[in-house]
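Open the model in your viewer and keep the sequence panel beside it. The stops below say what to select next and what is there.

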Amino acid sequence: MYAVIQSGGKQYRVTPGQTIRLEKLSGDDGSAIQFSDVLMIEDGGAVQVGDGVKNARVEGTVVENGRAKKIIVFHKKRKKQYRKTQGHRQDFTSVRIDKIVV
């Protein structure tokens, strides 16, 4: 059984027991979280989409809140002595999927 949920403008395929990294969500470590924006559910070959998943939800637990590894953003214009270096660390929330409720 798996479901496709939407969070932070992105879509994720999740199964019970899976841990995924999402865009920063509110909630402390260990708190429960629900995703009601379910786009699709597959259960033993039967696929539900649209009105079939109106009341479905995915329940999970926040594992940790953190920041990803730093990436370097480097801009350069050749022959003009222009260089700009900038770093960025994206905030994330790690969530363990507990169950899919149809």
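Begin with strands E3, E10, E7 and E4, selected in that order: they form an open sheet of four strands with antiparallel pairing. This is a predicted model. Look at the two ends of the sheet. E3 and E4 stand at the edges, and each has a single partner strand, so one side of each lacks a neighbour in the sheet. From one strand to the next, the twist averages 45°.

Now keep E3 and E10 on screen. They run antiparallel and are joined by five bridges.

Move to threonine 61, which lies in strand E7. Is threonine 61 buried or exposed? Its relative accessibility is 14%, and buried means under 20%, so threonine 61 counts as buried. Show its side chain together with that of aspartate 98: a polar contact of 2.7 Å joins the two. Then display what surrounds threonine 61. Leaving out residues up to four places away in sequence, threonine 61 touches Gly30, Ser31, Ile33, Ser94, Val95, Arg96 and Asp98.

Select glutamine 6 and look across: glutamine 11 in E2 stands opposite.

The last stop is the nonpolar core. In soluble globular proteins, nonpolar side chains tend to be buried together. The largest nonpolar core in this model has 17 residues. Select Ala3, Ile5, Val14, Phe35, Val38, Ile41 and Val58, the residues with the most contacts inside it. Colour the strands that each supply at least two residues of this core: E1 (2–7), E2 (10–14), E3 (19–23), E4 (32–35), E5 (38–43), E7 (57–67) and E10 (91–101). E10 gives the most, with three residues.

Apart from its neighbours within four places in sequence, isoleucine 5 is in contact with Lys10, Gln11, Tyr12, Val14, Phe35, Asp37, Val38 and Val58.

Conventions. Residues numbered from 1 in each chain as written. Predicted model: local features only at pLDDT ≥ 70, side-chain atom pairs only at ≥ 80, totals over all residues. Heavy atoms only, no water. Core = buried A, V, L, I, M, F, W, Y, C linked by side-chain atoms within 4.5 Å. Buried < 20%, exposed > 50% of the residue type's maximum accessible area, 1.4 Å probe, protein only. Contact = heavy atoms within 4.5 Å. Pairing = 2+ DSSP bridges. Axes fitted to C-alpha atoms, helices over the stretch in contact; angles between N-to-C directions. Polar contact = N/O pair within 3.5 Å; in protein donor to acceptor, adjacent residues only side chain to side chain.
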